[in-house]
Amino acid sequence: VRVSESSVRGVGRTPQEAIGKHLREVYADVEPSGRYGKYLEVLKTGEPFACDAVFQTEHGEKHVDLRALKADDGLGIITIDITARREAEAALRESERRYALAQRAAHIGSWEWDLRTRRGTWSEELEHIAGLEPGGFGGTPEDLVRLIHPDDAGRATATFAACAREGKGYDIEHRLVRPDGAVRWVQDIGNVVCGADGEPERAVGMCMDITDRKRAEKALRESESKYRTLLENLPQRIFSKDNELVYVSCNENFARDLKIRPEEFTGKTDYDFFPKELAEKYRADDRNVIESGQTKDIEEKYIQDGKEIIVRTVKTPIRDAEGNTTGVLGIFWDITARKRAEAELRNLSAEQAVLLDTVPAMIFWTDRQGRFIRVNQAFAAALHKTPAEVEGRPLLELYPSEMAERFVRDNQEIVQ
């Protein structure tokens with residue numbers, strides 16, 4: 001009978017299009033819901049009726065806040081278009097769903113505390129990190145303290161209290177203890193939001209599950225400790241350099257030679273410790289290792305306590321995870337005594353050879369099987385041979401079998 005523009009705007013019609021038409025024709029529901037019966041009840045009882053309705057228009061679906069009330073001459077209906085609000089709510093729900101998925105993927109949970117009511121809320125992911133079911137966080141400070149590891153609770157609560165009191169943000173790491181006893185490490189970052197009066201009103205923040213990182217850091221520390229223990233207990237000198245041939249680290253033994261502490265070693269070069277000629281020789285070897293990518297085994301000179309000694313040095317390239325050479329690792333040890341002993345042995349062997357070949361007695365060495373190892377000139381001459389023709393041959397080739405077998409038996413009895 002009478003139609004205002006606002007009453008039909010929500011369903012995409014004009015007053016002229018609505019006048020004279022039946023109510024059902026004007027408000028054609030997308031989903032029949034028995035609402036027409038509700039209108040009749042309003043006329044009968046006078047009690048107003050309100051609901052959210054969805055109507056199909058030529059422009060698509062329309063969401064409206066529909067209110068029906070009894071008028072003096074019939075039924076009055078008011079509709080308010082809430083399509084934009086419903087779309088915004090749907091978008092918000094989708095955004096929250098994606099946010100929850102992102103939190104789960106990143107192992108990050110969010111939280112919020114009302115500083116005036118002392119009540120808090122956690123996201124589902126934060127509850128998941130803490131081992132709680134969705135909605136399982138009680139929301140009180142006591143519930144929070146119960147979940148924090150006892151060794152961390154005092155520090156964590158003091159930090160949060162200072163944040164709330166002073167309005168300053170914080171970033172700490174602490175442990176949560178799940179109901180099943182499992183421990184999770186989190187990085188807890190929080191900040192304060194002040195109200196219109198300038199006083200702290202809310203605290204908001206996030207917790208990231210860093211358990212895997214903490215485990216990796218612990219494993220790395222243990223590995224480095226074992227490596228350092230090994231380095232410090234090896235008698236050899238050990239060092240590493242970068243690609244610019246600058247020292248990166250060394251063990252205690254090498255630092256002791258240089259009269260410095262290991263931490264003072266970093267950043268130095270060979271020119272800081274050795275004569276120029278020796279330093280350039282060391283650096284040339286380093287470049288060869290880096291450029292070739294091959295390990296180098298060297299016997300070279302070294303200055304220790306102002307004296308020149310001989311060392312054996314093994315240098316090998318250091319590579320990163322991609323296989324790129326990033327430096328050189330070196331290990332060396334004193335072989336001066338060994339080199340001196342080898343020289344003395346060579347001299348002694350020459351003297352022994354002269355002595356053996358000048359005495360008239362016949363001298364020989366054999367192994368357990370009767371094979372000649374060494375003979376002197378007198379012994380070889382008795383066989384009408386040279387020492388080279390005898391050495392390495394068995395007795396059976398040089399003596400009659402019966403005599404050779406007796407010699408072998410005698411030798412074996414002597415050895416036993």
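Biologist: Which residues lie nearest the centre of the second largest pocket?
Modeller: Trp113, Pro141, Leu144, Thr157 and Phe160. They are among the 23 residues of its lining. Keep in mind that this is a predicted model.

Biologist: What is the volume of that second largest pocket?
Modeller: About 410 Å³.

Biologist: Which element gives the largest share of the lining?
Modeller: Helix 8, with six residues. Strand 4 (108-114), helix 7 (141-147) and strand 6 (170-177) each supply at least two residues as well.

Biologist: And how does the lining split by class?
Modeller: There are 17 nonpolar residues, two polar and four charged.

Biologist: What does Ala156 touch, leaving out residues up to four places away in sequence?
Modeller: Ile148, Ile172 and His174.

Biologist: How many Å separate Ala156 and Leu69 in space?
Modeller: 58 Å, C-alpha to C-alpha. In sequence they are 87 residues apart.

Biologist: New topic. Where is Gln187 found?
Modeller: In strand 7, residues 183-194.

Biologist: Why does Gln187 count as buried?
Modeller: Because its relative accessibility is 17%, and buried means under 20%.

Biologist: Which side chain does Gln187 join in a polar contact?
Modeller: That of Asp171, at 3.2 Å. Beyond four places in sequence, Gln187 also touches Ile172, Glu173, Met206, Cys207, Met208, Ile210 and Arg213.

How values were computed. Residues are numbered from 1 along each chain as its sequence is written. This is a predicted model: local features need pLDDT of at least 70, side-chain atom pairs count only at pLDDT 80 or more; totals for chains, interfaces and linings use all residues. Side-chain values use heavy atoms; hydrogens and water are left out. Helices (H or I, at least four residues) and strands (E, at least two) are DSSP runs, numbered from the N terminus. Buried means under 20% relative accessible area, exposed over 50%, partly exposed in between (1.4 Å probe, protein chains only). A polar contact is a pair of N or O atoms within 3.5 Å; within protein, one must be able to donate a hydrogen and the other to accept it, and residues adjacent in sequence count only if both atoms are side-chain atoms. Contact means heavy atoms within 4.5 Å. On a 1 Å grid over the protein atoms alone, a cavity is a set of points where a 1.4 Å probe fits but cannot get out, and a pocket is an open set with protein on both sides within 12 Å along at least five of seven lines; lining residues have an atom within 4 Å of a point. Grid points are joined across faces, edges and corners, and a volume is the space filled by probe spheres set on the points. Ala, Val, Leu, Ile, Met, Phe, Trp, Tyr, Cys and Pro count as nonpolar, Asp, Glu, Lys and Arg as charged, and the others, Gly among them, as polar.
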